[in-house]
Amino acid sequence: MAPTPNAVPVDPESLLVDRLRQGEDAAFEELVREHSPRMLAVARRFLSSEDDVRDAVQEAFISAFKSIQNFEGNARLSTWLHRIVVNASLMKLRRRRRKPEESIEDLLPQFSEDAHRVNPAFEWDGRQDADLERSEDRDFVRQAIERLPDTYRNVLLLRDIEELNTEETARILGVSENAVKIRLHRARQALRTLLLPRFGVPEHPPDASGDAPNDEGSR
Amino acid sequence: MKCRELLEFLMQYLEDELPPEERDSFERHMRDCPPCANYIQSYRAVRAMGRKALCCEGDAVPADVPEDLIQAILRARQEGRAG
Ligand SMILES: [Zn+2]
C-alpha cells in the first residue's frame with residue numbers, strides 16, 4: 001500500500017471502492033453482505049413477491065458491479081446502491097404491472113352535498129407531527145403505506161420518500177405528469193385516513209352555530 | 001372557495017403554484033374553517049411521517065439475509081464475468 005504523505009486517515013469505504021474497482025472477489029462479497037439487508041428492505045417497499053424482491057436485489061448488485069467505475073468517490077456507497085436498487089425494483093414492477101388500478105375511494109375524504117366533509121371522525125391534534133420516536137409508531141406508518149394500492153403507493157414512495165420530481169416519476173412509471181399529481185394527492189389523503197385513528201384525536205362534535213364558512217361572507 | 005375545492009387546490013398550494021388571487025382565497029378559507037386548517041396540518045404531517053418511517057428504518061431492515069441469496073448473487077457475478 002502506498003504511504004500517504006500526511007497520514008490522512010483513509011476512509012474504509014474508499015478502500016473498499018478501490019478493491020471493487022480492481023475486481024477483487026472478497027470485496028464484492030463484503031459489499032453484498034453489508035448492504036443486502038438494507039437493499040432487501042428497499043425492494044420490499046415496491047415489490048410484493050419475494051421472488052421479485054430477490055431478483056431485484058441481485059440485478060442491482062450485478063449492475064453496481066458493472067458500473068463501479070462510474071461511482072463517484074464523494075458519494076456514499078449506500079446512497080448509490082439505494083438508487084440502483086430502486087431502479088431495479090421499478091424495472092421489475094414495470095414488467096409486472098399490467099393490473100387494473102385498484103380502488104382507493106374508501107380511503108378518500110367524503111363530502112356531503114354542501115361540500116363539507118362528512119367522514120373525518122378524527123382530527124389531528126397537532127402535537128406528534130413527525131416525531132415518531134417509538135419504533136411501534138414507525139412500524140405502524142410503514143404498514144399503512146404497504147396497505148395503499150400499488151399504483152398509489154409507488155407514486156408516494158417516489159415523490160415523498162425518494163424525493164423525485166413529478167417529471168422523473170412520470171417517466172419512470174410510464175404515466176402522465178397529471179396522473180402522478182392526482183395519484184400522489186390521493187395517496188397522501190388515503191395515508192392520512194389510515195394514520196388518523198392512531199395519531200389523531202376524536203373530532204369535536206360540530207357546533208350548532210355553523211362551524212365552517214360558506215363561499216363568501218363569514219367574516 | 002368551498003372545502004372540496006380547497007382539497008383540489010391543496011397540491012398546487014403546497015407547490016406554490018396557485019395564482020395570487022386563488023392563493024388569497026385559499027388562505028382565507030383556511031383561516032375561517034378550522035376543519036380544513038386541521039386537514040392541511042395533518043396532510044403535511046402525514047408526508048413528514050412517511051419520510052421519517054422509511055428514511056430512518058433501521059428497525060425494518062432484516063437482521064440477516066438468506067445465505068442462498070448471497071450465494072446466488074456471488075454466482076451471478078461470476079457467470080456475468082465468464083459470459
Ligand atoms: Zn373548509
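Colleague: What domains does the assignment give for chain A?
Modeller: Domain 1 (12-95) and domain 2 (105-217); the bounds come from an automatic or database domain assignment. This is a predicted model, where local features need pLDDT of at least 70 and side-chain atom pairs count only at pLDDT 80 or more, while totals for chains, interfaces and linings use all residues. Residues are numbered from 1 along each chain as its sequence is written, chains are lettered from A and ligands numbered from 1 in the order in which they are written, and side-chain values use heavy atoms, with hydrogens and water left out.

Colleague: How many residues of domain 1 of chain A are in contact with domain 2 of chain A?
Modeller: Eight residues of domain 1 of chain A, against ten of domain 2 of chain A. Contact means heavy atoms within 4.5 Å.

Colleague: And how much area do domain 1 and domain 2 of chain A bury?
Modeller: About 840 Å² between them, with 53% of it on carbon and sulfur atoms. Buried area is the accessible area (1.4 Å probe) that two parts lose on being put together, summed over both. On the domain 1 side of chain A, the most area is lost by A:Arg45, A:Phe46 and A:Leu90, together 52% of what that side buries.

Colleague: Which residue forms a salt bridge with A:Arg45?
Modeller: A:Glu162, with the closest N and O atoms 3.5 Å apart. The rule (a side-chain nitrogen of Lys or Arg within 4 Å of a carboxyl oxygen of Asp or Glu) finds one salt bridge across this interface of domain 1 and domain 2 of chain A.

Colleague: Switching to the chains. How many residues of chain B are in contact with chain A?
Modeller: 51 residues of chain B, with 59 residues of chain A. Chain B and chain A bury about 5,300 Å² between them, 61% of it on carbon and sulfur atoms. In chain B, B:Met49, B:Leu54 and B:Arg77 lose the most area to chain A, together 13% of what that side buries.

Colleague: How many salt bridges across the interface of chain B and chain A?
Modeller: Five. One of them links A:Arg33 and B:Glu67, with the closest N and O atoms 2.8 Å apart.

Colleague: Which elements of chain B give two or more residues to the side that touches chain A?
Modeller: α1 (3-14), α2 (20-32), α3 (34-55) and α4 (67-82) of chain B. Helices are DSSP runs (H or I, at least four residues), numbered from the N terminus. α3(B) gives the most to that side, with 19 residues.
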